[in-house]
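Please look over the structure below, then read the report that follows.

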Amino acid sequence: MRDDDFHFDPDDDEFWKDDMLWSSLDDTGGLEDIDWSRETEDYQPRRSQREQSGRQTSRSQGSQANRQTSRSRSAASGSRQRQANQQARTRSYDQQSRTRSQSGRAGRSYDYETQARARSYDNRRRRQKKNIPLIIVAVVLALGMVIAGWRLISILLNYQRDRSAYNDLASNAISALAETDDDADTDTTDTDTDDTDSDSYVPIIVDWEYLESINTDIVGWIYCPDTVINYPVVQTSDNEYYLKRGFNQQSNTSGTLFADVSSVIGINMCNFIVYGHNMKDGSMFGSIEGYVDQSYYEEHPVMYYLTPTETYRIDLIAAHIVESTLDNYPGYFDSTADYQTYLNQLTSASLFTTSATVSTDYQLITLSTCDYSSSYNDPRFLLHGLLVPIG
């Protein structure tokens with residue numbers, strides 16, 4: 001029988017009896033002396049102790065085996081766990097490394113993009129700041145162009161309105177035109193002198209009643225053939241009243257031709273002065289600056305000035321540009337000699353050479369307007385002529 005065939009059973013009573021039996025035999029020398037009932041009772045605790053001890057031993061062995069198994073399992077599990085943890089840490093580290101790498105790249109990319117955006121924004125701001133003066137200048141220029149365009153249109157409209165008003169006035173005031181040399185009889189005569197050179201030639205006939213019904217300040221009408229000069233002349237106690245008023249005394253940028261308050265018609269020793277605007281469209285006295293050229297004078301050597309009682313031919317004798325001072329606007333002459341001296345000064349300084357006879361027998365007329373070509377202080381363009389009565 002092998003040892004490993006023996007199986008101990010703590011609950012086997014026969015085993016305990018045999019044990020107690022042999023113990024008694026050792027003490028008493030025989031089985032017959034053993035009181036089994038007592039022995040059973042006496043050794044019951046021992047049996048229980050042994051049983052308990054066996055159980056404890058078995059339990060201890062089982063627990064130890066279990067602990068060893070648990071430890072083995074724990075060790076194996078711990079090893080596997082450590083490996084798993086190591087692998088997890090390795091994976092986590094790798095993941096963190098990749099994440100950091102990606103984050104770094106993403107961060108660098110974000111930084112680059114942010115910096116690029118910041119640079120672009122700064123560049124735009126700098127360009128905008130640099131462009132602000134240009135924008136302001138452009139806006140100012142645009143506004144200036146708009147304002148200038150509006151003013152130009154307004155001026156042109158005013159010019160057109162004023163011209164229309166004076167054209168209507170002339171068409172109603174001039175009731176008839178005298179025949180010109182083209183309309184007159186061209187039969188052969190003994191003289192080559194044109195009708196226009198006749199001392200009695202009157203180019204226009206003025207309806208004074210019509211003009212006086214509009215404005216009682218009317219004193220005359222001035223006319224220059226083949227030019228725009230065909231206007232009424234007024235006179236009042238204020239030299240500024242008609243600067244911005246038309247013949248109907250309403251607001252008018254062209255104003256009205258007016259005689260100086262101190263001028264008197266019909267007196268040889270008096271300088272009859274007539275003022276008028278130099279309009280940009282050539283209206284009013286804007287055309288008399290043409291007398292800076294000899295050829296223009298030769299084309300228009302005379303004008304006509306008509307009053308309700310008299311008709312005059314204006315023989316033009318001189319033109320010049322002067323400053324607006326009293327010395328250049330003499331009203332009266334103390335003597336015939338002074339008058340002749342002044343006429344000689346005018347003709348000698350004239351911009352054209354006259355073909356008319358300069359004589360103190362006729363009254364001096366001066367047409368005055370502004371000049372925009374001279375560097376004088378407040379310059380004026382003056383055109384002088386002699387009032388020769390006709391008709």
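Ile147 is found in helix H3. Helices here are DSSP runs of H or I with at least four residues, strands are runs of E with at least two, and both are numbered from the N terminus. This is a predicted model: local features need pLDDT of at least 70, side-chain atom pairs count only at pLDDT 80 or more, and totals for chains, interfaces and linings use all residues. Residues are numbered from 1 along each chain as its sequence is written, and side-chain values use heavy atoms, with hydrogens and water left out.

Ile147 belongs to a nonpolar surface patch with Ile135, Val139 and Leu143. Together they have about 370 Å² of accessible area. Accessible areas come from the Shrake-Rupley method with a 1.4 Å probe, and for residues only the protein chains shown count as cover. Patch residues have over 30% relative accessible area and no salt bridge; like charges are joined within 9 Å, and nonpolar side chains (Val, Leu, Ile, Met, Phe, Trp, Tyr) within 5 Å.

## A positive patch

Which residues gather in a patch of positive charge on the surface? They are Arg124, Arg125, Arg126, Arg127, Lys129 and Lys130. Lys and Arg count as positive, Asp and Glu as negative, while His and the chain ends are not counted. The place of a charge is taken as NZ of Lys, CZ of Arg, CG of Asp or CD of Glu.

Arg124 sits in helix H3, which covers residues 44–173. Arg124 counts as partly exposed because its relative accessibility is 39%. The cut-offs are these: buried means under 20% relative accessible area, exposed means over 50%, and partly exposed lies in between (1.4 Å probe, protein chains only).

## Salt bridges

How many salt bridges does a search of the whole structure find? The search finds four. A salt bridge is a side-chain nitrogen of Lys or Arg within 4 Å of a carboxyl oxygen of Asp or Glu.

One of them joins Arg163 and Asp281, with the closest N and O atoms 2.3 Å apart. This pair links distant parts of the chain, 118 residues apart. Arg163 is in helix H3, while Asp281 is in the loop between strand S6 (271–275) and helix H5 (294–299). Both ends are partly exposed: Arg163 has a relative accessible area of 36%, and Asp281 is at 29%.

Another joins Asp315 to Arg313, with the closest N and O atoms 2.8 Å apart. Here Asp315 is buried at 12%, and Arg313 is buried at 14%.

## Strand S8 and its partners

Strand S8 (residues 311–323) is mostly covered, with eleven of its 13 residues buried. Strand S7 (residues 302–306) pairs with S8 in the antiparallel sense over five bridges. Two strands pair if DSSP finds at least two bridges between them. S7 and S8 form a hairpin, with four residues between them.

S8 is also joined to strand S10 (residues 379–390) by twelve bridges, and these two run antiparallel. Arg313 marks both pairings. Tyr304 stands opposite Arg313 in S8, and Arg313 stands opposite Val388 in S10.

Asp378 lies in the loop between strand S9 (363–370) and S10. Asp378 forms a salt bridge with Arg380, the closest N and O atoms being 2.6 Å apart. Asp378 is partly exposed at 39%, whereas Arg380 is buried at 18%. Asp378 also has a positive phi of about 55°, although it is not a glycine.

Gln249 is not a glycine, yet its phi is positive, at about 65°. Gln249 is found in the loop between strand S4 (230–234) and strand S5 (257–259). With a relative accessible area of 31%, Gln249 is partly exposed.

## Strand S4

Five of the five residues in S4 are buried. The C-alpha atoms of Val234 and Thr216 are separated by 8.5 Å, with the two residues 18 residues apart along the chain.

Strand S3 (residues 218–223) pairs with S4 in the antiparallel sense over five bridges. Six residues lie between them in a hairpin, and Asp226 in the turn has a positive phi of about 60°. S4 and S5 pair in the parallel sense over two bridges. Val233 of S4 is the bridge partner of Gly220, and Val233 stands opposite Leu257 in S5.
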